[in-house]
Amino acid sequence: MPYPPILLVHILAGTVGLLSGTAAIVFRKGSARHVLAGRIFVAAMLTMAVGATYLAIVKHQPSNIGGGILTFYLIGTGWLTARRRDGETSRFDWLLLFIPLTLGILTWMNGIKIVRSGASSQDGVPVGMTFFMGSIMLLAAAGDVRMLARGGLFGAKRIARHLWRMCFGLFIASGSFFFGPSNRPLRLLSRVGLGQHLPVALFSTALYMILTLLPLILLIFWLLRVRFSSAYKGKPIHLAPTSSD
């Protein structure tokens with residue numbers, strides 16, 4: 001059975017997002033290659049998020065609707081953070097604030113509902129992950145409030161906001177790809193006749209877990225480097241308008 005066009009676009013955009021996001025992390029920050037990889041990453045991830053949200057609505061999957069919207073929000077606000085100058089905000093940020101705030105509250109309410117029902121998961125998602133994602137959403141909302149209350153972010157704090165939102169968006173994409181339904185990488189490669197010719201180790205759960213958690217590990221590394229490195233302190237940092245640093 002052939003894939004519907006929107007699903008193909010979603011899968012292709014997600015694959016491009018994973019590759020370009022990895023490249024953006026590896027390339028030297030601020031370099032031409034990093035900027036190019038960042039542009040591709042943002043475009044691919046926004047496309048993937050729109051496709052995911054649409055498919056979740058059609059398939060009546062509330063949790064995936066929230067995941068698609070959250071990914072779009074994180075990548076979008078991370079991109080805006082890179083484009084702006086130090087201390088720059090807009091009234092539009094007040095509207096964006098309600099996205100993670102609403103999603104966080106609804107996700108926590110759903111987690112409490114699951115616990116009260118005596119279940120440990122919903123649709124294959126552990127309740128602990130539900131509370132984790134809900135907490136991330138609320139932390140994002142709190143970060144928006146703090147930014148607006150301070151009249152914008154400066155230097156290392158602005159870079160840190162950009163980094164964690166981009167990296168966490170990549171984490172969501174990697175988790176969806178490697179732990180998607182029915183062993184998604186194997187299923188996709190089998191569709192094109194490659195799955196049976198590749199080593200079994202490439203489809204192990206341990207490898208998928210490492211690849212999924214890698215964006216979070218890199219996120220922690222870069223946040224520590226940005227917050228504690230003198231290269232990001234004591235002077236304003238100006239990013240190129242189209243950079244994804």
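Rings of Phe, Tyr and Trp (its six-membered ring) make an aromatic pair when their centres lie within 6.5 Å; planes under 30 degrees apart are stacked, over 60 edge-to-face, and the rest tilted. This is a predicted model, where local features need pLDDT of at least 70, side-chain atom pairs count only at pLDDT 80 or more, and totals for chains, interfaces and linings use all residues. Residues are numbered from 1 along each chain as its sequence is written, and side-chain values use heavy atoms, with hydrogens and water left out.

**View 1. An aromatic cluster that includes Trp 164 and Phe 168.** Phe 132, Trp 164, Phe 168 and Phe 171 come together as one aromatic cluster. Both Trp 164 and Phe 168 sit in helix α6 (residues 155-178), 4 residues apart, or about one turn of the helix; helices here are DSSP runs (H or I, at least four residues; strands are E, at least two), numbered from the N terminus. These two residues are both buried, meaning under 20% relative accessible area, with exposed over 50% and partly exposed in between (1.4 Å probe, protein chains only).

View 2. The structure has 5 aromatic pairs. Trp 108 is partly exposed at 33% relative accessibility, while Phe 131 is buried at 19%.

**View 3. His 60 in its loop.** Look between α2 (32-58) and α3 (62-83) for the loop holding His 60. Though not a glycine, His 60 has a positive phi of about 55°. His 60 is also exposed, with 68% relative accessible area.
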